[in-house]
Structure formats: structure tokens, C-alpha cells
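User: I have a model open and want to learn how to read it. Can we go through it feature by feature?

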Amino acid sequence: MDRSRLIILGVIAVLTMSAVPVLVKSTDANAVTIGIVRLGIAVLAFVPLVLIRGEVFRFTRRQWLQLTIIGCTFGLHWLTYFLSIKLATAAIATLTVLTYSVQYLILAYVFNRESVSPVEWLAIAICFSGCILVSPELSFQNQVTLGIAVGLFSALLYAAMPLLHQRAEGIGTLERTFGQFFFALIIFLPLLGRANWDLQPTDIQQLLALGLLCTVLSHGLWVKSSTELPAIYSSMIYFLYLPGAVVGSAVFLDEELTPRKLLGCAIVLGASAALSLYRYRRSRTAS
């Protein structure tokens with residue numbers, strides 16, 4: 001597939017994903033219910049494909065352990081992300097999770113010994129300052145501030161995902177994706193008693209949209225696009241997630257777009273995008 005079509009697929013995938021915070025905030029289903037339904041749909045969609053390939057029957061104990069760690073990390077990421085959306089607002093929760101790109105750099109510095117220049121540390125600090133800016137007050141007694149803190153932890157878990165996938169590169173992409181969803185679902189199952197199932201038809205429709213459109217369809221498009229496009233293209237396309245969520249929250253949830261919130265979003269988005277471009281140019285110069 002040519003590059004322009006891959007870019008279009010990537011944009012569609014990311015904009016579809018950006019509906020997640022809006023749907024999560026608008027539905028009466030709680031974080032546990034959303035996670036179980038969304039992951040259940042994803043697992044059911046991938047099971048036939050995985051069984052047909054049959055690779056899972058030849059996995060070693062180490063590979064199953066790697067999939068378990070990936071899935072558990074992803075499950076905690078989703079749970080904390082959904083809680084962040086419920087506690088704060090759709091736009092602010094999205095802003096905090098977008099810090100995963102700078103948090104990945106911190107994890108890579110700690111665990112992979114990757115070098116981080118002073119300019120990059122500055123960009124990381126600026127990115128976090130955007131999150132502080134949108135916080136109403138620096139107290140966990142404030143629900144929005146608590147949501148920001150939970151969102152930052154969710155971003156940290158999401159930032160760990162590429163590192164975990166790199167260590168499991170011997171496992172096929174399809175099987176890793178299935179394992180990610182399957183073991184994430186297992187994380188949610190002990191919380192089944194906390195799920196709320198007394199839902200209206202609108203809530204059920206929103207849950208189906210989250211599972212089918214925002215998970216199965218968008219993930220499939222994103223895997224196709226991000227696998228075949230250069231990494232810098234994928235990074236820039238993914239940053240559309242925040243503007244998509246901000247616009248969606250304003251249109252469908254009537255969230256107020258205050259100058260403070262817009263400035264915070266601009267700081268996080270600008271610092272993250274600038275950092276990605278800087279690292280891309282530095283890697284090209286080094287090669």
C-alpha cells in the first residue's frame with residue numbers, strides 16, 4: 001500500500017481512538033464494566049485468528065510469561081485511564097495520557113541506558129508543566145487533580161508497553177496483540193463484582209462502539225499503518241489523538257475549553273511533538 005493511503009488509515013485509526021475518552025465519560029458504565037466489555041469483544045475477535053495460526057500451541061513458558069506481563073501492564077493502563085476520565089474530564093485525561101511519549105524516554109533512560117540530552121530533559125519538564133497548569137489545585141482532595149495523577153500513572157504504564165513488546169519480539173504481532181488483550185481481561189475479572197450492568201440502551205450502544213470501533217477496527221488500522229509507515233510518521237499522526245479528544249469533548253460533552261486548558265494542551269502537545277522530531281533528526285544525523 002502506498003504511503004498516502006497508509007497515512008489516511010493512520011489518521012482514521014487515531015481519530016476513531018480519540019472517541020474513547022468521550023464515550024467513556026458519557027456512558028453510565030463504570031471503568032470496570034467498560035474494561036470487561038471492551039476487552040471481551042477484542043479477545044473474541046482475535047481468538048479465531050490465533051487458533052487458525054496455531055503458534056500459541058508452541059510457545060515456551062518464558063513466552064507465556066512475557067505475554068502475561070504485557071497483558072497485566074496493559075490491563076492496569078486501561079483501568080487507570082478509564083478512572084482518570086471518570087475523575088477528571090475527557091480532554092484533561094487525554095492530555096495526561098499523551099505524556100506517555102516523554103515518560104517512555106525516561107523509562108528507556110533507566111532500563112535501556114539510552115542517552116537523554118539536556119534539551120530532551122527540558123522538553124520532558126515542559127510537558128509535565130502543562131499537566132500542572134490544567135490542574136485546578138495541587139491537592140488530591142480535588143477530583144480533577146486526582147484524575148490527572150491517575151492519568152499520569154496510566155501514561156507511565158502505557159510508556160512501558162513498547163519496552164515490553166521489544167523484549168517479546170520473538171512472538172508474532174498477532175499473538176502478542178491477543179495476549180495483551182487476553183491477560184488484560186484477566187486483570188479485570190477479579191473486579192467483576194464492582195461492574196455495573198444496570199445500563200440503558202444508549203450505554204450498551206456506547207460500549208459496543210468502544211469495543212468494535214475503538215478497539216477492534218481502530219487497532220487493526222493502526223497496526224497496519226504504524227507497521228508500514230516510518231516511525232516519525234506514526235508518532236506525528238498519533239499526536240492527533242489529543243486534538244480529536246478535545247474537539248469531541250467540546251462538541252459531544254459540552255466541556256468548556258478555557259484558555260488555561262487550551263494552553264495546557266498546547267504545551268503538552270508541542271513539547272511531545274518537538275521531542276519526537278528532535279530525536280528523529282538526531283538519529284538521522286548519527287547514522
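Analyst: Start with burial: buried means under 20% relative accessible area, exposed over 50%, and partly exposed in between (1.4 Å probe, protein chains only). Of the 287 residues of the chain, 50% count as buried. This is a predicted model: local features need pLDDT of at least 70, side-chain atom pairs count only at pLDDT 80 or more, and totals for chains, interfaces and linings use all residues. Residues are numbered from 1 along each chain as its sequence is written, and side-chain values use heavy atoms, with hydrogens and water left out.

User: How many helices and strands does the chain have?

Analyst: Helices (H or I, at least four residues) and strands (E, at least two) are DSSP runs, numbered from the N terminus. The chain has 13 helices and 0 strands.

User: What radius of gyration does the chain have, and what would a compact globule have?

Analyst: The radius of gyration is taken over C-alpha atoms, and the globule rule is 2.2 Å times the number of residues to the power 0.38. For 287 residues the rule gives a value near 19 Å, and the chain agrees, with 19 Å. The C-alpha trace spans about 55 × 50 × 35 Å along its principal axes.

User: Where is Thr33, and which residues does it touch?

Analyst: Contact means heavy atoms within 4.5 Å. Thr33 is in helix H3 (residues 31–53). Thr33 has a relative accessible area of 0%, so it is buried. Leaving out residues up to four places away in sequence, it touches Ala195, Asn196, Trp197, Leu199 and Leu207. For polar contacts, look for a pair of N or O atoms within 3.5 Å; within protein, one must be able to donate a hydrogen and the other to accept it, and residues adjacent in sequence count only if both atoms are side-chain atoms. The side chains of Thr33 and Asn196 make one at 2.8 Å.

User: Is Arg113 buried or exposed?

Analyst: Arg113 counts as exposed because its relative accessibility is 73%. Arg113 sits in the loop between H6 and helix H7 (118–134). Its phi is near 60 degrees, a positive value in a residue other than glycine.

User: What about Asp254: where does it lie, and what is its phi?

Analyst: Asp254 lies in the loop between helix H12 (241–252) and H13. Asp254 has a positive phi of about 60 degrees, although it is not a glycine. With a relative accessible area of 66%, Asp254 is exposed.
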